Amino acid sequence: MKSFINVQDIGPLEKAMAEAFEIKNDRYKYQHLGKNKTLMMIFFNNSLRTRLSTQKAAMNLGMNVIVLDVNAGAWKLETERGVIMDGDKSEHLLEAIPVMGCYCDMIGVRSFAGLTDREYDYAETVLNQFIKYSGKPVFAMETATVHPLQAFADLITIEEYKTVKRPKVVLTWAPHCRALPQAVPNSFAQWMNAADVDFVITHPEGYELDPKFVGNARVEYDQKKAFEGADFIYAKNWSNPGVANLGDYGKITSKDMSWTVDTEHMSWTNNGKFMHCLPVRRGLIVTDDVIESPNSIVIPEAANREISCSVVIKRMLEAL
C-alpha cells in the first residue's frame, strides 16, 4: 500500500478488520517491521487523538517518529504555484516536501479544508503535492475532504459493540458554533457504504454531502424517522458542502438546536450507542447526559484510533 486516503486503499474490509483485531490482541507483534524506519508526521492543523494515536501506533511497530508542526517552529509554507512570494511565507511546499522526504520512510499529512474554495479543497491540493513530490508513501491524517483513520476506527468500534449481524447506523448532522469541514462525515459515509450495515444519513435540507461519499446511503431529512430503530448514532457537524448551492460552501446555513442529540433523541433508537470523533462541543452536538451515559462509546472509539493506524502503517511498512 503506497498511499492511504479512501476505503478502497485498504483492500477487502474483512481482511483489514481481522488484521485490526489481531493487532489489538498483540500490539507489538509486528515491531520488527519498523526497525530503523522513520515516520514523519506533518501537521498543518491542530490535533490530539490523531497525533497521539499515530505516534503510538508507529512506536508499537518499532518506528522512529518525527513530528513537524508547520505553524509552530517551521517556516511558513506557500502552497500556491505561480505566486510572487513577497509576503510572510518563506518557503514553498514544492521545495519543502522533497526535503522532508529525505529524512523519512513514510509521511502522514494533516491539512484541513480552507472552506473558501470548494474546487481547491476537493482537489486535495496539499495532500496530492506530498504524494507527487515526496517520493515516499503518504497517508491521510485528515485532509480537506477525508479522515480515513477515524472512519476505520469507527468501523472497528461498531464491529465490537454491535448486537445484531447488520446494525442500523445513522450519521446525524448537529449544530455547531463554527464552520467545520466535511472530512469526518465524508469518510464515515464512505466506510459505512463499504461495510455490511444499514446506513442512513440525516441532516437539514441543503446540507447534502457530495454524492461520491453519500453513495448508496439512504438520506432522511426527518431526524426522528432516521433515528427510529438505530443501533448506532454518529453525531457530527459539518458546514454546508455547497452541493445544492456552491455559494453556500463552507458556510453555516443552519443553527437548528432541535438537532442536538439529547435523551429524547436517543429514546427513538434501539437502545442505540452514541458515537462522535471528538473533540465535541457539549450542549451543541450532544447533551451531557447522553455523552456520559453507559451507551456512549466515544472513549473506546478514540482508543481504536491506535488500532486503525497500526493496520495502515503495517501495510505500508510491508510494501517498502
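Modeller: A salt bridge here is a side-chain nitrogen of Lys or Arg within 4 Å of a carboxyl oxygen of Asp or Glu. Helices (H or I, at least four residues) and strands (E, at least two) are DSSP runs, numbered from the N terminus.

The model is a predicted one, in which local features need pLDDT of at least 70 and side-chain atom pairs count only at pLDDT 80 or more, while totals for chains, interfaces and linings use all residues. Residues are numbered from 1 along each chain as its sequence is written, and side-chain values use heavy atoms, with hydrogens and water left out.

Buried means under 20% relative accessible area, exposed means over 50%, and partly exposed lies in between, with a 1.4 Å probe and protein chains only.

A second salt bridge joins D210 to R118, at 3.0 Å from N to O. D210 lies in the loop between β9 (198–202) and α8 (211–214), and R118 in helix α4 (residues 118–122), so the pair ties together parts that are 92 residues apart in sequence. D210 is buried, with a relative accessibility of 12%, and R118 is buried as well, at 17%.

E159 is partly exposed, with a relative accessible area of 36%, and K162 is partly exposed at 27%. Elsewhere, E19, K314, R315 and E318 are linked in a network of salt bridges. The count for the model comes to 16 salt bridges.

The cysteines may be considered next. A disulfide is taken as a pair of cysteine sulfur atoms within 2.5 Å, and the count by this rule is zero. The sulfur of C102 is 8.7 Å from the closest cysteine sulfur, that of C104, which is too far for a bond. C102 is exposed, with a relative accessible area of 62%, whereas C104 is buried at 4%.

Finally, some of the surroundings may be described. Strand β2 (residues 38–43) and strand β3 (residues 64–69) run parallel and are joined by six bridges; two strands pair if DSSP finds at least two bridges between them. From β2 the chain crosses through helix α2 (residues 49–60) to β3 in a right-handed β-α-β crossover. Right-handed means that, with the strands pointing away from the viewer, the path from the first strand over the helix to the second runs clockwise. Within this pair of strands, M41 stands opposite V67 in β3. V99, for its part, is found in helix α3 (residues 93–102) and is partly exposed, with a relative accessible area of 37%.
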